[in-house]
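Have the model open as you read.

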Amino acid sequence: MQIFTHYFLHFGFPFFIAFIFFRKEWKKAYLILIATMLVDLDHLLVEPIFETNRCSINFHFFHTYYAILIYVLLLFFRKPFRIIGIGLLFHMLTDFIDCLFMYSRCAECFEGSPAIELLKATSKLIRI
């Protein structure tokens with residue numbers, strides 16, 4: 001379920017965002033939303049590139065809280081920057097949901113995670 005949810009939110013749900021909120025130019029908006037996946041290039045900057053129980057949030061450079069703040073600021077600019085901001089924030093939300101899935105299975109695996117406090121607070125809030 002986690003893998004399906006993760007990839008649906010990364011590739012499927014942006015279609016609905018584009019179609020509902022940018023109907024006149026939904027194809028262009030969808031391509032921009034999908035292009036925001038390039039934010040994952042920051043995964044190439046760490047060793048190992050992939051780790052099973054690693055939460056991307058506040059670990060990878062473009063997934064830090066500071067970067068997320070910049071993505072929020074993009075919402076206040078005109079298109080295409082607004083669409084880029086939406087895509088990046090939705091990407092962060094998707095990755096955070098993925099972190100919650102993993103945290104719910106093994107909370108102690110994330111004790112050293114840079115997002116541990118956020119994971120703890122969110123899991124208490126939604127009672128995982």
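A disulfide, as the word is used here, is a pair of cysteine sulfur atoms within 2.5 Å. With that criterion, searching the whole structure turns up two disulfides. Keep in mind that this is a predicted model, where local features need pLDDT of at least 70, side-chain atom pairs count only at pLDDT 80 or more, and totals for chains, interfaces and linings use all residues. Residues are numbered from 1 along each chain as its sequence is written, and side-chain values use heavy atoms, with hydrogens and water left out.

Start with C55 and C99, which are joined by a disulfide with an S to S distance of 2.0 Å. What does this pair tie together? C55 sits in the loop between α2 (26–35) and α3 (65–74), while C99 belongs to helix α4 (residues 81–105), so the bond links parts that are 44 residues apart in sequence. (Helices are DSSP runs of H or I, at least four residues, numbered from the N terminus.) The S-S torsion of C55 and C99 is about 100°, so this disulfide is right-handed. Both C55 and C99 are buried, meaning under 20% relative accessible area with a 1.4 Å probe, protein chains only; exposed is over 50%, and partly exposed is in between.

Now move on to C106 and C109, whose sulfur atoms are 1.8 Å apart in a disulfide. Here the torsion about the S-S bond is about 70°, so the C106 and C109 disulfide is right-handed. Buried or partly exposed? C106 has 16% relative accessibility and so counts as buried, whereas C109, at 37%, counts as partly exposed.

Number the bonded cysteines in sequence order and the pairing reads 1-2, 3-4.

Methods. Helices (H or I, at least four residues) and strands (E, at least two) are DSSP runs, numbered from the N terminus.
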